Each structure stands twice: as C-alpha cells, then as structure tokens.
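User: Hi, I have a new protein model open and I'm still learning how to read one. Could you walk me through it?

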Amino acid sequence: MLTFKQIEALYWTVRLGTFSASAQKLHTTQSAITKRIQELEADFDVALFDRSGHRAELTARGHEVYALAEDCLLYTSDAADDSLR
C-alpha cells in the first residue's frame, strides 16, 4: 500500500539529492528513508534509483513515479490551502 511518507521520501530525496538530506528535512533517519523508498520499489515492482554509481540516480521509471509524487504533494498542498480560505 502506498503511503504519504513514502511519497514524501521520494520527493525530498530527489529534490535534495541524497537520502540523508531527505531524512534531515523529514526529521527522521536515513535508514527510515531508505526503507520507505524500498517499499515504494516493491509496491511498483521496479527500481526507482540506480544505485550502481557513487550517487543514487533516478531510473526512467523513477522519473515517472517522481512526477506522480510531485503532483500528489502539490495537490494535497493546494487542497490544504483551499481548506484554509
């Protein structure tokens, strides 16, 4: 099952460039971010990051899932803004 925490983990990992920066932003541990990403990969049955190099890079499918995550976060942000009006 897809969770909001998984979506946030993917979004901030991509935006900030590292799992540890994402963890710091989300006030959690790097291992928690790694676990959330691994759960996403298992849910979609696809690698979202290519971890073969020095730095984890999004795969083609990772870019697609990231776009969905970004849309989801923007939508929830807009919905929250609307409820405050």
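User: To start with, how much space lies in the largest pocket?

Analyst: This is a predicted model, and in it the largest pocket holds about 160 Å³ of space.

User: Which residues line the largest pocket?

Analyst: The lining includes Thr13, Val14, Gly17, Thr18 and Phe19, and also Phe49, Arg55, Ala56, Glu57, Leu58 and His63. Sorted by class, five of the lining residues are nonpolar, four are polar and two are charged. Helix α1 (4-16) and strand β2 (57-58) each give at least two residues to that lining.

User: Let me step back a bit. How many helices and strands does the chain have, and what pattern do they follow along the sequence?

Analyst: There are four helices and two strands in the chain, and going along the sequence they come in the pattern α-α-α-β-β-α. Of the 85 residues in the chain, 31% are buried.

User: What about α1, which of its residues are buried?

Analyst: The buried residues of α1 are Gln6, Ile7, Ala9, Leu10, Tyr11 and Thr13. The length of α1 can be checked as well: with 13 residues at 1.5 Å a residue it should span 18 Å, and its end C-alpha atoms are 18 Å apart, so the two agree. After α1 comes glycine 17, which has a positive phi near 95°.

User: And how far apart are the end C-alpha atoms of α3?

Analyst: They are 21 Å apart, which agrees with the 21 Å that the 15 residues of α3 (residues 30-44) should span at 1.5 Å a residue. In α3 the buried residues are Ala32, Ile33, Arg36, Ile37, Leu40 and Glu41, and the buried residues of this helix pack against α1, α2 (19-25) and β1 (49-50).

User: Is isoleucine 33 in that helix buried or exposed?

Analyst: Isoleucine 33, which sits in helix α3, counts as buried because its relative accessible area is 0%, and the cut-off for buried is under 20%. If we leave aside neighbours within four places in sequence, isoleucine 33 is in contact with Ala9, Thr13, Phe19, Ser22, Ala23, Leu26 and Thr28. Isoleucine 33 and glutamine 6 are 27 residues apart in sequence, while their C-alpha atoms are 7.9 Å apart in space.

User: Where does the largest nonpolar core come in, and which residues have the most contacts inside it?

Analyst: The largest nonpolar core has 17 residues, and Leu10, Ile33, Ile37 and Phe49 have the most contacts inside it. Two or more residues of this core come from each of α1, α2, α3 and α4 (60-83). As a general point, nonpolar side chains in soluble globular proteins tend to be buried together.

User: What is leucine 10 in contact with, leaving aside its neighbours within four places in sequence?

Analyst: Leucine 10 is in contact with Ile37, Leu40, Phe49, Leu58, Val65, Tyr66 and Ala69, once those neighbours are left aside.

User: Changing topic, where is histidine 27 found, and what is its phi?

Analyst: Histidine 27 is in the loop between α2 and α3, and its phi is near 55°, a positive value in a residue other than glycine. Histidine 27 is also exposed, because its relative accessible area is 75% and the cut-off for exposed is over 50%.

User: And where does aspartate 45 lie?

Analyst: Aspartate 45 lies in the loop between α3 and β1, and it has a positive phi of about 55° although it is not a glycine. With a relative accessible area of 70%, aspartate 45 is exposed.

Terms used: Residues are numbered from 1 along each chain as its sequence is written. This is a predicted model: local features need pLDDT of at least 70, side-chain atom pairs count only at pLDDT 80 or more; totals for chains, interfaces and linings use all residues. Side-chain values use heavy atoms; hydrogens and water are left out. On a 1 Å grid over the protein atoms alone, a cavity is a set of points where a 1.4 Å probe fits but cannot get out, and a pocket is an open set with protein on both sides within 12 Å along at least five of seven lines; lining residues have an atom within 4 Å of a point. Grid points are joined across faces, edges and corners, and a volume is the space filled by probe spheres set on the points. Ala, Val, Leu, Ile, Met, Phe, Trp, Tyr, Cys and Pro count as nonpolar, Asp, Glu, Lys and Arg as charged, and the others, Gly among them, as polar. The expected span of a helix is 1.5 Å times one less than its number of residues. Buried means under 20% relative accessible area, exposed over 50%, partly exposed in between (1.4 Å probe, protein chains only). Contact means heavy atoms within 4.5 Å. A nonpolar core is a set of buried Ala, Val, Leu, Ile, Met, Phe, Trp, Tyr and Cys residues joined through side-chain atoms within 4.5 Å.
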